Every structure is written in structure tokens, then in C-alpha cells.
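Thanks for making time this morning; I would like to walk you through one model, beginning with a loop and its backbone. Please have the viewer open while I talk.

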2 protein chains.
Amino acid sequence: MKLYSYFRSSASYRVRIALNLKGLAFETVPVHLLKNGGEQFSDAYRKLNPNALVPALVDDSAGDEVTLTQSLAIIEYLEDTHPEPALLPQNAADRAYVRSLALSIACDIHPLNNLRVLRYLVHNLNVSEEDKNAWYRHWCEQGLASIEAVLSQDARVGTYCFGDTPTLADCCLVPQIANAQRLNCDLSRMPTLMRINDACMVLDAFVRAAPGNQPDAE
Amino acid sequence: MKLYSYFRSSASYRVRIALNLKGLAFETVPVHLLKNGGEQFSDAYRKLNPNALVPALVDDSAGDEVTLTQSLAIIEYLEDTHPEPALLPQNAADRAYVRSLALSIACDIHPLNNLRVLRYLVHNLNVSEEDKNAWYRHWCEQGLASIEAVLSQDARVGTYCFGDTPTLADCCLVPQIANAQRLNCDLSRMPTLMRINDACMVLDAFVRAAPGNQPDAE
């Protein structure tokens with residue numbers, strides 16, 4: 001499998017964690033989001049993914065090449081094709097709970113703090129560096145506080161977001177916390193999230209997936 | 001089942017379509033996002049959904065009450081609990097394709113044009129009405145153009161986004177097109193999307209789910 005990825009992309013980071021948790025080998029194909037006017041906009045990459053976003057996963061393990069985009073769709077595909085170890089619970093309500101945590105990050109936090117959005121704020125709306133960073137922290141802190149509120153009152157929380165094995169929710173949480181820390185967000189009111197993050201970051205699957213450990217890390 | 005919903009919320013609209021396609025009866029509990037300072041911020045609603053976003057679905061059909069949030073997690077739950085008619089294909093690669101289309105809308109378009117985000121632009125960043133509308137159209141048109149590019153070159157497209165029965169992707173596409181039309185986005189370069197939208201809008205499940213046909217419509 002080939003993962004088209006940028007070391008700092010948190011959507012790519014999610015997929016790297018899932019691949020590692022499932023013990024699946026993959027080759028990283030770096031797509032630099034800043035150099036060469038953004039390599040994601042190249043004709044070659046756009047042919048693979050017209051959205052011009054990373055990650056994309058090309059799976060040739062079953063013969064025919066399958067090109068997949070959207071981090072959560074890719075992780076669900078890995079779950080469908082390599083069910084063990086499971087990243088989703090068996091029970092429908094529990095699966096919905098884990099998916100809702102993942103989507104709270106993937107829909108309610110990350111899209112607002114994406115590189116292309118921050119660029120639009122600065123270049124098209126003349127937003128100052130200070131206001132841009134305040135925007136970033138606002139959505140990140142508000143979104144994580146909501147998830148903290150959910151987790152702190154749900155009996156299903158264990159060592160990880162759901163029970164005592166990592167799930168799709170943890171695959172999304174850890175990259176978001178890494179982004180939050182890089183942008184100096186206030187995480188002091190999120191003890192549950194930080195405890196889970198710490199529990200994940202002692203696992204080899206999470207450590208190997210971290211931005212600093214990628215071949216294209218700077 | 002009770003659906004906490006706002007008639008104009010496109011995330012609520014997605015769930016209404018899915019419930020209708022599966023033939024599941026539900027009671028709408030209106031949550032007005034503008035009146036009373038935003039009913040989604042009330043203590044009662046926040047207890048149900050700490051994210052203070054609609055929709056939320058309360059399913060008491062199996063005895064115990066299950067509260068679900070995040071539109072895509074809710075639809076996946078309906079798929080898990082009421083598999084027929086299926087809103088996802090059987091094949092893993094096809095499922096990933098349908099999910100990626102849904103996520104391209106739910107992650108890459110809709111979050112940027114959400115009410116709370118538009119409010120932040122105006123109130124916190126002093127963005128003009130004109131620039132706010134340009135922002136809306138930018139993300140909507142760019143995102144839909146990417147999906148048009150995907151669909152126009154994929155042999156799996158049929159009457160709907162995937163084949164000849166509606167899927168999760170159509171549940172997301174139709175509400176996004178409705179938003180785009182309401183905000184006067186340019187949809188002239190999206191013939192495939194518009195053809196699919198038209199095919200959906202002759203189906204009773206989609207018509208009954210439309211904002212104008214909700215009990216809280218204004």
C-alpha cells in the first residue's frame with residue numbers, strides 16, 4: 001500500500017496510526033503542501049485525488065489498484081478489509097459513539113484550522129496573524145472542550161476514548177491534540193483528553209505515526 | 001425515535017433523508033438555532049449533546065434510550081440497525097467511495113459554511129456581508145467542483161452518486177445543493193451533481209425531508 005501523505009497533515013496522521021494499529025505495511029509517498037506551489041495541486045496528484053487534499057491511499061494488495069481518499073473513509077475501509085484488531089466496537093450504539101467522537105474532530109475542529117482555510121483568512125480577508133491564531137485556538141479549544149464534556153460523563157471511557165483498546169476515536173484525537181499543542185492551545189481544562197493522549201503516546205503504533213518520525217519530516 | 005432538528009440545518013436534513021429512505025418513523029423536536037439566543041445552547045439540549053449542534057437522534061425503539069449525535073454517525077447507526085434498504089454498497093472499495101463523497105461534503109464544505117462560523121467571521125473578524133458571502137461561495141463551489149470531477153470520471157455513477165439506488169452520498173449531496181442554491185452559488189459547471197440532485201428530488205423520501213416541509217419551517 002502507498003500512502004500519499006504530508007508529515008504534518010493530521011488527516012494523514014490518523015491513517016498512519018490506523019495502518020500501524022492493524023499491522024499493515026505501507027510506503028509513504030510525500031506530498032509537500034507548501035513547496036512547489038503545493039504539490040497537492042499537481043496534475044499527477046489531482047488525477048489521484050481531485051480534492052487536492054492529503055491523504056490518499058493506494059491499495060494494490062488484492063491485485064487491482066484501489067485509490068481511496070478522505071481519512072475516515074480510508075480507516076473504515078481498513079476496518080472492512082482487515083477487521084482485526086478492531087478499531088470500532090461491535091455494538092451499534094457503541095460504534096455510533098466512537099464514530100461521533102471521530103467526526104466531532106474531523107468535521108467540527110479540523111476543517112476550520114486546515115492550511116487552505118488559514119491561507120484564505122490571511123490572503124483573501126486580510127486577517128492579522130494574531131486574529132488568525134485566535135481563530136485557530138477558538139475552534140480547537142471549543143471543539144476539544146465539547147469532547148471533554150462528552151467523555152467526562154460517559155461510562156464507556158477507559159484507558160482510551162472507548163474502553164481499553166484504541167479505536168477510530170483515538171486515531172483522530174491524538175493528531176488533533178498534537179496540532180493543538182503546536183499552536184499553543186489551552187488544554188488545561190481537558191484532563192480526560194490529555195490522559196488518553198498520554199496513554200496512546202506510549203504505544204508504538206502512535207509513536208511511529210507521529211509527524212516527527214515521517215520520512216518527509218523537517 | 002426523536003430527531004432534534006432545525007429545518008434549515010443541512011446535517012439534520014441528511015438524517016431526515018436517511019430515516020425516510022429506511023422507512024423509519026420519527027418525531028421532530030425543533031431546536032431553533034436563532035431564537036432565544038440559540039436553543040442549541042440551552043442546558044437541556046447541551047445535556048443531550050454537549051457539542052450544541054443539531055441533529056441529535058434519540059432511539060428508544062429497543063427499550064433503552066440511545067442518544068446519538070453527528071449526522072454521519074447517526075446514518076451509519078441506522079445502517080447497522082436497519083440494514084435494508086442499504087445506504088452503503090457491499091464491496092469495501094465501493095463503501096469507501098460512497099463514504100469519501102459524503103465526507104467531502106461533511107468535512108470539506110459544510111463546516112466552513114456553518115452558522116457559527118459565519119457568525120465568527122462577522123462578529124469577531126469584522127468581515128463584510130459581501131466578503132462573508134464570497135467565503136461561503138468559495139468553499140461551496142470549490143468543494144462541489146471537486147466532487148463533480150470525481151463523479152464525472154467514475155464509472156460507478158448511475159442515476160445516483162453510486163449506481164441506481166440512493167446512498168449515504170446522496171443523503172449528503174442534496175442538502176448541500178439546497179444550501180448552495182439558497183446562497184446563489186454558481187452550479188453551472190456541475191452537470192453531474194445537478195442531474196443526481198434532480199433524480200433525488202422526485203423521490204418521496206427526499207421531498208418529505210426538505211427544509212420547507214418540516215414542522216418548524218418558516
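Asn184(B) sits in the loop between helix H7 (168-182) and helix H8 (191-200) of chain B, where helices (H or I, at least four residues) and strands (E, at least two) are DSSP runs, numbered from the N terminus. Its phi is near 55 degrees, a positive value in a residue other than glycine, and Asn184(B) is exposed, with a relative accessible area of 62%; buried means under 20% relative accessible area, exposed over 50%, and partly exposed in between (1.4 Å probe, protein chains only).

This is a predicted model, in which local features need pLDDT of at least 70 and side-chain atom pairs count only at pLDDT 80 or more, while totals for chains, interfaces and linings use all residues. Residues are numbered from 1 along each chain as its sequence is written, chains are lettered from A and ligands numbered from 1 in the order in which they are written, and side-chain values use heavy atoms, leaving out hydrogens and water.

Ala52(B) also has a positive phi, about 55 degrees, although it is not a glycine, and this residue lies in the loop between helix H2 (43-48) and strand E3 (56-59) of chain B. Ala52(B), at 6% relative accessibility, counts as buried.

Most residues other than glycine have a negative phi, and most peptide bonds are trans. In chain A, however, a cis peptide bond with omega of about 5 degrees joins Val54(A) and Pro55(A), and the bond from Glu84(B) to Pro85(B) is likewise cis, with omega near -10 degrees. Pro85(B) is placed in the loop between helix H3 (71-81) and helix H4 (92-106) of chain B.
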